[in-house]
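Welcome, and please have a look at the entry shown below. The notes after it walk through a few local features.

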Amino acid sequence: MTEPTTDSSPAAWSADDAVTHLYSGHYATLVRLATMLLRDQGSAEEVVQDAYVALHQRWKRLKEPDRALAYLRTSVVNGARSQLRRRSVAARHLPQPPAAVDSAETSALAAEQRHQLLAALDRLPDRQREVLLLRYYLDLSEADIANTLRISRGAVKTHSSRGLAALRTTWRQS
Amino acid sequence: MNDSTETALREALQERGDSISPAPSLPRILHRAARTTAPRRRWLPVGVAALAAAGLATGAVLVFGPSAPDDAADVPAAQSSEPSGETVTVAPGSVVPMALHYVRRDASGLLVSGEFEVASSGDVGVDAVQALIEGDPGAAFLNGWAGLNRDPEADPVRVESVTVTDELVTVDFNRFLGVTCGPGDRCVDPPADSTLQQLVHTLQSTLRTDAPVLLTVAGSPATEAFGEPLDGPVAADPAVAPGIRVLAPEQGASVSSPVVVAGESTSFEGNVQWEARRGDEVVDAGFTTGGSMGELAPFEVSIQLPPGDYTIALWEDNAAGGAEGLARRLSPVYVDVTVE
């Protein structure tokens, strides 16, 4: 395994250093994001690993190494989309979302409400789901979401408000 | 505005995320990265010789334009008003086999491709895009590019240039790419994303690259195409690609004999044809079996070849009953290798 150099400037990192730094800081979060996008952890880990391998290959040509995390996020979302499309082509249906795991600390009622909320999230159109996950799981700004998904900020607002409106209906009913 | 739904969603996602524990994977990532950092070449001289041999022309010459500076290869920063990179050219009049990609009518978004022999203007990239614009896939498939010049009164859409670097293919058009089927028109066009995938897959196959494609109009990045906003280069979606994909060897690889060609495919009754060409000679040919009925399954071919430069082509025979009328060879893929 390669140890990162002590130089903290991304521009000075080798490709191995970059991947190692970005792995320790973000791999788990990206796998969790991809798992929620794909509803399947095994596929999610493959998609995220592919993104890191691709980053390694392109590292020397990245003009803005500081934006490597943004590159990874976009790669992961694109990889997840491809997986979903492949699945829909092959199986014509998506697997059922996993059942929510109740937390021991939460009441049964709160757990059920969250389960319903996440189930409603899983039923949203893919783009709305992507926007809400990036906003409420990764806490990305509107501009960063637009950059990650390669859509306009106006489109981010539209997808976000439509998705939230659908979730509010579920939330109020629960 | 932060309301109770947003708070609940944030907490629920955090909880779900915390329940997911990724396995340690850094050694695997670094190992995979080390295996895939071999330099890639897009075209070998033999590629052109074989292309010419497969058609009618002889004496095709591969000429690269000036190389792009390294920093021009950076995708996010590719906002230059001047096309940068190489132009892939052959002798004008050479007949070049190309995999032109069209869209199925079944709303699946899947592409179908056929091998067409295109008489080159000399610029292979421009030829590929122009062939799409002028292409007629018959009644069974859709071609979003064919409709661009449907209006005889409008200024025809032309492709001005196609340049390629390791990181980016840039296609420059003379004018805005508008919506082609208006309300009440008796025509059907595929969705914008499928139309763009037609272009990306056709160019990547023709130029032997996996770089994303940036559309520009008169030198400036296009912000809209076919009625949808366009925000940067368009990457290939492998999930919509036609039925044959080669995973090894890599394009331009130097390999030893026997050459093991491995990939995944889905085709009529699983049949995949292949041939190895050296110059104007088909050195070896045969068939193998992959998946069928839309299910991808792995295939592998082992080919004994003497040292030299080869183009290995794989395809599905249309005679087997696939896309009627499109082309004799369906889903063609090409990989150029040097056998050491």
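Which residues are linked with B:Arg16 in a network of salt bridges? In this predicted model, the network consists of A:Arg39, A:Asp122, A:Asp126, A:Arg129 and B:Arg16.

Let us start with the link between the chains. The side chains of B:Arg16 and A:Asp122 form a salt bridge, with N and O 3.3 Å apart. B:Arg16 belongs to helix 1 of chain B and A:Asp122 to helix 4 (residues 108-123) of chain A, so this pair joins two chains. Both B:Arg16 and A:Asp122 are buried.

## A salt bridge within chain B

Over all chains, the structure holds 18 salt bridges. One of them lies within chain B, between B:Arg329 and B:Glu115, with 3.9 Å between the closest N and O atoms. This pair links distant parts of the chain: B:Arg329 is in strand 19 (residues 329-339) and B:Glu115 in strand 4 (residues 111-119) of chain B, 214 residues apart. With a relative accessible area of 10%, B:Arg329 is buried, and B:Glu115 is buried too, at 15%.

The axes of helix 7 (residues 153-173) of chain A and helix 1 (residues 4-18) of chain B come within 10 Å and cross at roughly 90°. The two helices are therefore roughly perpendicular to each other.

Helix 7 of chain A contributes A:Leu164, A:Leu167, A:Arg168 and A:Trp171 to the contact, while helix 1 of chain B brings B:Ser4, B:Thr5, B:Glu6, B:Ala8 and B:Leu9. Five of the contact residues are nonpolar, two are polar and two are charged.

Chain B has an open sheet of three strands, in the order 12-14-17, with antiparallel pairing. Strand 12 (244-248) and strand 17 (297-303) are the edge strands, each pairing on one side only. On average, neighbouring strands of this sheet are turned by 30° against each other, direction ignored. Strand 12 and strand 14 (residues 259-265) of chain B run antiparallel and are joined by four bridges; B:Val246 stands opposite B:Gly263 of strand 14.

## Positive phi in two loops

Most residues other than glycine have a negative phi. B:Arg208, however, has a positive phi near 55°. This residue is in the loop between helix 5 (192-207) and strand 8 (213-217) of chain B, and is buried, with a relative accessible area of 7%.

B:Phe226 is not a glycine either, yet has a positive phi of about 55°. The loop that holds B:Phe226 runs between strand 10 (224-225) and strand 11 (228-229) of chain B. B:Phe226 counts as buried, at 11% relative accessibility.

Methods:
Residues numbered from 1 in each chain as written. Chains lettered and ligands numbered in written order. Predicted model: local features only at pLDDT ≥ 70, side-chain atom pairs only at ≥ 80, totals over all residues. Heavy atoms only, no water. Axes fitted to C-alpha atoms, helices over the stretch in contact; angles between N-to-C directions. Parallel < 35°, antiparallel > 145°, perpendicular 65-115°, else oblique. Contact = heavy atoms within 4.5 Å. Nonpolar A, V, L, I, M, F, W, Y, C, P; charged D, E, K, R; others polar. Salt bridge = Lys/Arg side-chain N within 4 Å of Asp/Glu carboxyl O. Buried < 20%, exposed > 50% of the residue type's maximum accessible area, 1.4 Å probe, protein only. Pairing = 2+ DSSP bridges.
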